[in-house]
Amino acid sequence: MNTLSPEVLARAARIRLLLMDVDGVLTDGLLHYAAGPDGEMVETKAFNTQDGIALQWAALLGLETGVISGRDSPALVLRARQCKMKYIHQGHIEKIPVWESILAAAGLDDEQVAFIGDDLTDVPLLKRAGLAAAPANARPEVKPLVHLVTIARGGDGAVREVIEVLLRAHGKWSQILRQYGVPED
């Protein structure tokens, strides 16, 4: 994990909701197509299990999560439900209206929301987020605009890394370690 600046930790301590893009963040950004039972092509996605368990820990410890994606994917809906995500919004290339709707429903302001994004369509949300993060494989234009660039690539534990930062900042990471009998750092 990155060495975290006091500013990043202070920002992370204010976060109550983690939102993220999907392709390139929860996945490696590759789209796979296979023939379904009826012969029609079906899009599939691969998700990282470490991201998944971290999302479930977040839900268990009171940190709400969700996705705002430009693409529609039945696989994402299933995965988001498995990972206890509260907000699932797909098919939105222009993401600000969805952001504003989620924040209004949650009763939160920008400073209380973290966002993980990797591409240009995510920049408007990254600029508004109280904690903006990007995976290691984010576009080079995006990385200078965020507070935290993960060591992990999207689809390879980047979401887990951000959740660990949030749980540490909230003093809850040690609870996870104790639950599994892991000594603290």
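This is a predicted model: local features need pLDDT of at least 70, side-chain atom pairs count only at pLDDT 80 or more; totals for chains, interfaces and linings use all residues.
**Notebook: salt bridges and a surface patch**

R71 comes first: at 30% relative accessibility I have it down as partly exposed.

I looked up who R71 pairs with. Its side chain meets that of D23 in a salt bridge, 3.7 Å from N to O. D23 sits in the loop between β1 (17-20) and β2 (32-35), and R71 in the loop between β4 (64-68) and α3 (74-82), so the pair ties together parts that are 48 residues apart in sequence. D23 is buried, with a relative accessible area of 15%. I also found that D23 and R71 are linked with E43 and K45 in a network of salt bridges.

Next I checked E64 and K86. Their side chains form a salt bridge at 3.1 Å, N to O. E64 is in strand β4 and K86 in the loop between α3 and β5 (87-89), so this pair ties together parts 22 residues apart in sequence. I noted E64 as partly exposed, at 28% relative accessibility.

Then I went to D122, which has a salt bridge with K95; the closest N and O atoms are 2.6 Å apart. D122 lies in the loop between β6 (113-116) and α5 (123-128), K95 in the loop between β5 and α4 (96-106), so parts 27 residues apart in sequence get tied together. Both D122 and K95 are buried.

How many salt bridges does a search of the whole structure find? I got 15.

Last entry, the surface. L31, Y33 and M41 make a nonpolar patch of about 310 Å². M41 belongs to strand β3 (residues 41-44). Is M41 buried or exposed? It counts as exposed, because its relative accessibility is 53%.

Conventions
Residues are numbered from 1 along each chain as its sequence is written. Side-chain values use heavy atoms; hydrogens and water are left out. Patches are made of residues with over 30% relative accessible area and no salt bridge: like charges are joined within 9 Å, nonpolar side chains (Val, Leu, Ile, Met, Phe, Trp, Tyr) within 5 Å. Accessible areas come from the Shrake-Rupley method with a 1.4 Å probe; for residues, only the protein chains shown count as cover. A salt bridge is a side-chain nitrogen of Lys or Arg within 4 Å of a carboxyl oxygen of Asp or Glu. Helices (H or I, at least four residues) and strands (E, at least two) are DSSP runs, numbered from the N terminus. Buried means under 20% relative accessible area, exposed over 50%, partly exposed in between (1.4 Å probe, protein chains only).
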